[in-house]
Amino acid sequence: MTTVLQTRGLGKRYRRRWALSDCTLEIPAGRIAGLVGPNGAGKTTLLHLATGLLRPTTGTIEVLGGPPPARPAQLARVGFVAQDTPTYAHLTVADHLRLGAHLNPGWDAATARDRIEHLGLDPGQRAGKLSGGQRAQLALTLAIAKRPELLILDEPVASLDPLARREFLRGLMETVVDQELSVVLSSHLVADLERVCDYLIVLVGSRVQLAGEVDRLLATHHLLTGPRRNPGTLPASQHVISASHTDRQTTLIVRTDAAVHDPAWTVSPVGLEDLVLAYMSQTGQPGRRPVLEVQR
Amino acid sequence: MIWLTWRQFRVQTLVAAGALALLALAFAVTGPQLVHLYDTTVATCRAQHDCQIAMNALGSKDNLLQDLARLVMLVVPALIGIFWGAPLIARELEAGTQRLAWTQSVTRGRWVAVKLGLVGLASMATAGLLSLMVTWWSSPFDRIGAGRLDPAIFGERGIAPVGYAAFAFALGVTAGMLIRRTVPAMAVTLAVFAAVQAAFELRIRFHLIPPLRLESALNMNWVTQLGSGGPAGLGSLFVGISPTLPGAWIGSSQVTTAAGQTNLGPMPPACGPNSSYSSCIAAISRMHLRQAVIYQPGSRFWAFQWYETAIYLALAAVLAGFCVWWVRRRLS
């Protein structure tokens, strides 16, 4: 199995509104894949389709080489932390662990207990009284102790303060290293993903604008600064992703597999955030289909 | 799933058990006295010719508890629908916790089936126990009353409350699932349940079994109304009867002429403004009027109970099946 998630022409319609349409993507196994896109890009819908919470209106989706979870055996293979990390407000932390133990045959009680202890959560505390960060950690603990092969997290840190955000992502990293699981993590904040992800998918308006290994993406994109010129005069091997001009200067983000030798340019690396924003802002320009896959 | 259902429903179960226990205690303390009172006064009143006094004395015992029993039997099925049924799925949808529950290693079909099954059984058990207690405790009163087919008490005795509770619960779950919000679902549950109960009591129940028809010469002891203003106009005779068939549920009663006509003709002169009541009665009995009474005999109490319970349980089963189907196929 080389992909954890594969979709073809995937679409989901709510009454008249398409939340996701014609989405085709592939997420390789063994990665921490970041799914990034503006609000309303269809990230949550895509992840809900992947967890079996939703059924597609059109197209196909494969999760871990099979249909999305519906039977207990498949459900056990996918862990999910939903947006806003829902928990049962009137149940205690210990109750949640018991819930996990009762509902999951592969439950890893030791891991769950250790995590709760390590996080300093009071087992007798009701989940409704936890802080946002603690609740997110509890939800993550439930998903991890289930011992899934694929862990899906939908904007898990969106509502957390920066410190809790860092704690959460660090805990996630530690688990991934320990358990060898694949992770798909969505966010609309690139900075969060930059810290943990080694694979990135930019989703804008249901379409994959960019997908690839983070290292590879950073290595093949360059920020060129130089005297003002028309981007059309660049060599064919250099694809302009974004261009901005002042009276005398041109700044370009280009993708190229080869090195840039033109001495007129000052070449500098592109930050992941700038790169993502460049691809996101490409949408809405007619006549261009900037769908791009950067593979090894 | 059984554990989670129990954990989520624990408080409600304990509250219900506590309330049942309190009521059982009150009934256990007062019930034997009522039975004793009945056995020593009403049961033997024929010999002493003071039945009316004995029945009045018994009927006014434990008034508060009688009212409470009536109130509880009236509202408990609705309360079960509102507080156990409506939030069952709606609260999960409101809090988003179905996304947590459905991504454990348990199918959502099982999730909803276990919740429906266990809480539904608890609903039926609560109503059943309650009805058992009330039916036993009220039996001395019921024996001196209008009979257990009387619409005022029929639905508060026997097994019918089990059907009501099951239906109200399933109705609440369905409303909550479709509306996705607890409070509006509670309101809809109450409105629909009350409407169904009223329609059943007023329109359906009487016709579940073909009623009996009693036709005979007019029984003058049953006549309760005499006057003008019958079917043929202001001057025509009107005779109203109130049949006393022990334990029976009277659907309708009609007085006709010997030929079977509803127009009884003009008022006899003996019933004029200046004549006595007894002469009027005597004049009417000479008219050889007939009466037709459509009724359900009291002996059909259990037949009606079974029919009604079966119908409500069938409705509940249909709603529950719909809930399982909807959660598995449509809900998101």
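Two residues are in contact if their C-beta atoms, placed from the backbone, lie within 7 Å. The model shown here is predicted, so local features need pLDDT of at least 70 and side-chain atom pairs count only at pLDDT 80 or more, while totals for chains, interfaces and linings use all residues. Residues are numbered from 1 along each chain as its sequence is written, and chains are lettered from A and ligands numbered from 1 in the order in which they are written.

**View 1. Ser216(B) in its strand.** Let's start with Ser216(B), which sits in strand β1 (residues 212-217) of chain B; strands are DSSP runs of E, at least two residues, and helices runs of H or I, at least four, numbered from the N terminus. Leaving out residues up to four places away in sequence, Ser216(B) touches Arg290(B) and Gln291(B). Leu289(B) is 73 residues from Ser216(B) in sequence, yet their C-alpha atoms are 8.9 Å apart.

**View 2. Helices α3 and α4 of chain A.** Here the axes (lines fitted to C-alpha atoms over the stretch in contact, with angles from 0 to 180 degrees between N-to-C directions) of α3 (residues 93-103) and α4 (residues 109-119) come within 11 Å and cross at roughly 160°. That angle makes α3(A) roughly antiparallel to α4(A), the word for angles over 145 degrees, with roughly parallel kept for those under 35. On the α3(A) side, Val93(A), Leu97(A), Gly100(A) and Ala101(A) meet Ala109(A), Ala112(A) and Ile116(A) of α4(A).

**View 3. Helices α1 and α6 of chain B.** Finally, α1 (residues 2-40) and α6 (residues 108-144) have axes that come within 9 Å and cross at roughly 5°. The two helices, α1(B) and α6(B), are therefore roughly parallel.

Terms used
Parallel < 35°, antiparallel > 145°, perpendicular 65-115°, else oblique.
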